[in-house]
Amino acid sequence: MKARKTLDGLVIAAGGAYVLLFLFSATLRLIYPYEVEWNEGVVLDHAIRVLTGKPIYAAPSLDFAAFVYTPLYYYVTALLMKIGGVGLWSGRLISILATLLTAGIAGRIVQRETHSNFLAFSGIALYLAFYHITGFFYDIVRMDALALLLVVISVYAVMYVRQGYLIAALFAVLAYFTKQQMIYIVPAIAIGLAFRHKKQALWFSILSIGFILFSTLAFNWTTNGWYRFYTLTIPGIKAAQSFSWITAIEFSPKWIFGSLGLFTLVILIVMVMRGKKNTQNNWPILLGAFVMALISSAMSIGNSGGYQNVFMPLTLMIAIVFPLSIHIIANTLPEWSGLARGIILLAFLSLAYNPLGEKMLFASARQLHAGDEFIAKLKAIPGDVWIPFHGYIGTLAGKPTHVHFMAMNDALVPHDATSQRFQHEIDSSLAAHCFSAVILDEEKVYRWDSVQHYMRSASIFTTPNIFLSRIGEAGTRPDYIYLPSP
């Protein structure tokens, strides 16, 4: 008994450390006024357009082109900014609250299935422990965290709420319109629910798919077809042109049987132990969601530009199914109860990393001062300035923002009349020296080290590793100033 209490204490301490680490990092990032991830500013630009009554889905131009995501997160962020003012804090606050609620609901599911507060806490802490595995996307200005909250509400509703398949359908639709990747939850719930109630599974499928199709048609009609261009046409063409089956297949050895190998092994053991037993309970729904999240993660990482944030649906389901698996092992094999708890501790230890070695995990005062220096120098540049790799920050210097590098590249992918017109606008604007300066990044992930009709003049910073934002696992910052060539 004493050994078990000691083991439980170590698990709680390890899990609690991850919880505190997330809260500490998220608090620092919440109050930091500049980007900690290179897409934060342009995502906020989308919400600012909603706030100011401008369309998100419209013809691409040098002023703005939309990302290829569905719009709900932008509207929620705009609503919060209408109440509290414009700033990156708004999108981050939504993500932080969504992450904490997601962890809490995951823990509640574990508690209801196991009647164990210890395992419920393990589920909560485990989800937050995956902060590193998922690229530190839990608390930034991105749609991932909110989308996942809507997913877990859908799962919870279908399992525990009377007529919950109706609520589940609603939240599955909302999750999709926050990020398209979350479509995986529709077949996951439909298949799992079919084991328990075929009629409810059918109605869930009809309602969720029907609302997604109807809403897509409505969005497309109200935007004169531009919604389809950004959210369906561009992703479809990119997938056809550059989807990497090698990367998708490598997901298994590198992640499922690599970094997440312990979790996979335990869950597979329990799947074999249970077989077809008790298919009328919630296990098929949870297992279906786990399998579909795994497939979704593999397919999403194979997409061009896919990054570890696409693992978030999978880590959510692991945070639920893994503690349940430990519970099943302990109940089926009581003599292994102590070992089962030791596996939880080992799981937390397997996720350990050095937070001080990560770029921009902590938004320090040094980074803040460098950001203030950048804004001051940007204000001193007369006229209009284009900062292609970053959105929003130009507005802090009183300058308008322009199209983001990633959105620009995506809008050029179709090679249709729209893309040709857009390319002509870019080329002619640079030839006419419409910008008094173009500021490029020093990063090496996306190489762009020259600008037509402009010449490199100077660097903004002389000190390395300041005013950074993450781009994958690397760091980047706007630094190189290009001025119109004679």
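**Figure 1. Contacts across the chain in the predicted model.**

**Figure 2. Overall dimensions of the chain.** Taken along the principal axes, the box that the C-alpha atoms of the chain fill is roughly 80 × 50 × 45 Å. A compact globule with 486 residues would have a radius of gyration near 23 Å, and because the chain has 24 Å, the two values agree.

**Figure 3. Helix α4 and the residue that follows.** Helix α4, which runs over residues 88-114 and has 27 residues, reaches 39 Å from its first C-alpha to its last, and this is close to the 39 Å expected at 1.5 Å a residue. After α4 comes His115, a residue whose phi is positive, near 60°.

**Figure 4. The largest pocket and its lining.** The largest pocket holds about 1200 Å³ of space, and 42 residues line this pocket, of which Tyr69, Ser300, Asn303, Ser304 and Gly306 lie nearest its centre. The elements that give two or more residues to this lining are α10 (226-242), α13 (283-301) and α17 (405-412), and the largest share, six residues, comes from α10. Sorted by class, the lining of the largest pocket has 22 nonpolar residues, together with 14 polar and six charged ones.

Notes. Residues are numbered from 1 along each chain as its sequence is written. This is a predicted model: local features need pLDDT of at least 70, side-chain atom pairs count only at pLDDT 80 or more; totals for chains, interfaces and linings use all residues. Side-chain values use heavy atoms; hydrogens and water are left out. On a 1 Å grid over the protein atoms alone, a cavity is a set of points where a 1.4 Å probe fits but cannot get out, and a pocket is an open set with protein on both sides within 12 Å along at least five of seven lines; lining residues have an atom within 4 Å of a point. Grid points are joined across faces, edges and corners, and a volume is the space filled by probe spheres set on the points. Helices (H or I, at least four residues) and strands (E, at least two) are DSSP runs, numbered from the N terminus. Ala, Val, Leu, Ile, Met, Phe, Trp, Tyr, Cys and Pro count as nonpolar, Asp, Glu, Lys and Arg as charged, and the others, Gly among them, as polar. The expected span of a helix is 1.5 Å times one less than its number of residues. The radius of gyration is taken over C-alpha atoms; the globule rule is 2.2 Å times the number of residues to the power 0.38.
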